[in-house]
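Please open the model in your viewer and keep the selection tool at hand.

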Amino acid sequence: FHLCWFLTFRRVTVASQVDLHKRIYGGRDCRSDERPHHVVLISDNITHESLCGGTLISDRWVLTAAHCYNLGWTLTAILGELRNPTERHDIRDPPVFFTHTEIIEKHDIMLLKLPKKTALPRAVLPPDCSGHPNNGKQVTVAGRSITLRLDLTLPLQCLDIKVVTCRYCSIDTKYVYPNVFCYEEAGKDTTGGDSGGGVMYGGKLYGVHVLGGTKLCTTQATAVKVCEKIYLDWIKKTTGIQIP
């Protein structure tokens, strides 16, 4: 079974007036010290622009959702958006996708390498899943506020939302979702532009937000469970970072 699919990654014609679309809703303004490692990812092909989130996990690497990548589009990472000035990095190296080599399945998670090092704070990864939030615990997701287009003068939004049991449905997609957790709460949700953002709990990065705001099968939001050994080993091998 695959999770019911709805990309939280919206393509917007740059030159046109588009409908107001909510990203995080039912949330709050992030505290100034709460998400120093949040990354805004802008993908552009001249006529269209797409928005995602990501998380800085080292001085050169950003962790995000694989579906945030568009082949042939330029990709820019904006770091330190709660600071002034921000840092802008044009991503030149190809992304590194997680693929299960035995069955050649692509998971919705990827790493992006910055062209140069940054001194900005990075998120802490857990050593394993022993501290993963159980049902009823609140995790925090971050994303952009309601906008016509990207506007960094508007506050980054944080959403505190409870972990719940995932509901599954069968649907065909280019990605598989074998290691996920879900979160849902009345009056709270995520949608276009929030994909790839980090899901935090207890000061650590436990998930990459990949699904949300869907009315097709479920209203649950979903994250790839970063603390699984297969992902931590892949991150360590790719980036060379040490995870305590």
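Buried denotes a relative accessible area under 20%, exposed one over 50%, and partly exposed anything in between, computed with a 1.4 Å probe on protein chains only. The model is predicted, so local features are reported only at pLDDT of at least 70 and side-chain atom pairs only at pLDDT 80 or more, while totals for chains, interfaces and linings use all residues. Residues are numbered from 1 along each chain as its sequence is written, and side-chain values use heavy atoms, leaving out hydrogens and water.

**First stop: the disulfides.** Select the cysteines. The structure holds four disulfides, a disulfide being a pair of cysteine sulfur atoms within 2.5 Å. Counted along the chain, the bonded cysteines follow the pattern 1-5, 2-3, 4-8, 6-7.

Begin with Cys-166 and Cys-182, whose sulfur atoms lie 2.1 Å apart. This link is right-handed, with 110° about the S-S bond. Cys-166 sits in the loop between strand E11 (157–164) and E12, and Cys-182 in strand E12, 16 residues apart; strands (E, at least two residues) and helices (H or I, at least four) are DSSP runs numbered from the N terminus. Cys-182 is buried at 0% relative accessible area, and Cys-166 is buried at 15%.

Next, select Cys-52 and Cys-68, joined with an S to S distance of 2.0 Å. Their link is left-handed, at -85° about the S-S bond. Both Cys-52 and Cys-68 are buried.

Then move to Cys-129 and Cys-227, also joined by a disulfide. Cys-129 lies in the loop between E9 and E10 and Cys-227 in the loop between strand E15 (221–225) and H1, so the pair ties together parts 98 residues apart in sequence. Cys-129 is partly exposed at 25%, whereas Cys-227 is buried at 2%.

**Second stop: Gly-131.** Select Gly-131, in the loop between strand E9 (105–113) and strand E10 (138–143). Beyond its neighbours within four places in sequence, Gly-131 contacts Tyr-201 and Tyr-206, where contact means heavy atoms within 4.5 Å. The C-alpha atoms of Gly-131 and Tyr-206 are 9.1 Å apart.

Which residues of the largest nonpolar core touch the most other members? Of its 42 residues, these are Ile-57, Leu-63, Ile-109, Leu-125 and Ile-235. A nonpolar core is a set of buried Ala, Val, Leu, Ile, Met, Phe, Trp, Tyr and Cys residues joined through side-chain atoms within 4.5 Å.

**Last stop: Ile-46.** Select Ile-46, in the loop between E3 and E4. Its phi is near 80°, a positive value in a residue other than glycine. Ile-46 is exposed, at 75% relative accessibility.
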